[in-house]
Amino acid sequence: MESPEVTVSGCSTHDDENLCSYKRHSSVSQEGLLEDQLRRKLKFFFMNPCEKFWARGRKPWKLGIQLLKIVMVTIQLVVFGLSNQMVVAFKEENTVAFKHLFLKGYMDRMDDTYAVYTQTDVYDQIFFAINQYLQLPNISVGNHAYEKKGTEETPLAVCQQFYKRGIICPGNDTFDIDPEIVTDCLYIEPTTSLDNTTMGKHNLNFTLDFPRLVAVQLMFNLKAINLQTVRHHELPDCYDFTLRIVFDNKAHSGRIKISLDNDIAIRECKDWHVSGSIQKNTHYMMIFDAFVILICLASLILCTRSVIKGIWLQREFVSFFLYYYKKEVSFNDQMEFVNGWYILIMVSDVLTIVGSTLKMEIQAKSLTSYDVCSILLGISTMLVWLGVIRYLGFFQKYNVRISWDLHIVASHPNTESSITQCNEVLLLCCYDLPGLLFLWMDCTGTIPCEVSQSEHGF
């Protein structure tokens, strides 16, 4: 029996590698064999994890890693959130304390209405803040101290800003003004001796020209240590407070608004020692963070490999269609091979790795980037939980429900019903973990269940 004739066509260097392979094997029998092989590849590629396990016995490792990762990342975020809550509370409480210390007659929630209306009140407020600053070690109940540069303590600066020249006569409807702003500053050392513990105009050569006055600013730096973290088995941080009390007279309306701004910087303490088991607890948390990084690296590698395999299969499918059917595959059909859920998980993995590294540096007191770390861990955890929606498609009941909810949200973006549907989708995500464990048991053959078709799978 004669062997089937094989036609070998030429292949230029510009042809696609898969297309060249098809040109070299173009007999009818081999065409059917190649088509059957490609069909099997496509069928297996678009199976979900359970179907792949039942078809070839391949364990759903990525599904297991995602289950483990979602638990660990959530625990990590909660622990860091509790720690960061103490940092935020310490900042806010110190700002409130400074307002009560340095603003005369200040009461809570007076920020928008706190102002003075007479020249005497302006001087009283300024010298009250100066005296409170000079007596701070004796009156503050916190562990506040003056900032030091070398062996010297930084002074308090009293700066007034005024127009360079200004002759204003409202009664005659005339004025002569030079709008250039001039700044004049007076510096007061914390070691300045006080007469009867008070300081006023008779102690300082300080006067204000109210017709030309634009603003008065009192600027000084303080330091503190957040000791409350010790009770939670964490090393304390050192804080730098840059305070600025502003008397705003830009409007020249007879009302000078007073505000206190507090710019806070967190730094690692230079020399510290804590007795007890705090170091051991810190090491345990760093080991936990390192394990999270390893899990995310494994997830990132597996998902990257799956994306690359999908792109290879996409190119093979496009070349097969182009050569045998003389048709080009549409862009939308080509994008079916690129699994968006993989990319979502890869982005969350990268964010978790970077955030966990920053968290370890913060715990080791090498960095104090609490805000950046919070953003990275928060976004990564949100993406991980969003990725959980994908697994609900493996259950027919949940798959139909989610499809209906998303359809309602897309059809009615501005109605109250869409808000209700969004809430239901979020509630499904919150109760997903038991369902995912159930799915894992099903995929590994522990329990039998019907597995619904899914377009993409791990």
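1. In this predicted model, phenylalanine 162 stands opposite leucine 213, a residue of strand S7. The two strands concerned are S5 (residues 156-169) and S7, which run antiparallel and are joined by six bridges.

2. Strand S2 (residues 145-146) is antiparallel to S7 and joined to it by two bridges; here alanine 145 faces lysine 223 of S7. Strand S8 (residues 238-248) is also antiparallel to S7, with eleven bridges between them. Within that pairing, alanine 224 has tyrosine 239 of S8 as its bridge partner.

3. The largest nonpolar core has 51 residues. Phe102, Ile126, Ile130, Leu208, Leu218, Leu222 and Ile245 have the most contacts inside it. At least two residues of this core come from each of several elements, including helix H4 (61-102), S5, S7, S8 and helix H10 (370-392). Helix H5 gives the largest share, eight residues.

4. Which residues is leucine 208 in contact with, leaving aside its neighbours within four places in sequence? They are Val122, Tyr123, Ile126, Gln160, Leu213 and Val216.

5. Another core, of 17 residues, lies apart from the largest one; among its members are Met72, Met286, Cys296 and Met360.

6. Helix H9 (residues 340-363) has 24 residues. From its first C-alpha to its last, H9 reaches 34 Å, close to the 34 Å expected at 1.5 Å a residue. Lysine 365, which follows H9, has a positive phi, near 60 degrees.

Definitions and conventions:
Residues are numbered from 1 along each chain as its sequence is written. This is a predicted model: local features need pLDDT of at least 70, side-chain atom pairs count only at pLDDT 80 or more; totals for chains, interfaces and linings use all residues. Side-chain values use heavy atoms; hydrogens and water are left out. Helices (H or I, at least four residues) and strands (E, at least two) are DSSP runs, numbered from the N terminus. The expected span of a helix is 1.5 Å times one less than its number of residues. Two strands pair if DSSP finds at least two bridges between them. A nonpolar core is a set of buried Ala, Val, Leu, Ile, Met, Phe, Trp, Tyr and Cys residues joined through side-chain atoms within 4.5 Å. Buried means under 20% relative accessible area, exposed over 50%, partly exposed in between (1.4 Å probe, protein chains only). Contact means heavy atoms within 4.5 Å.
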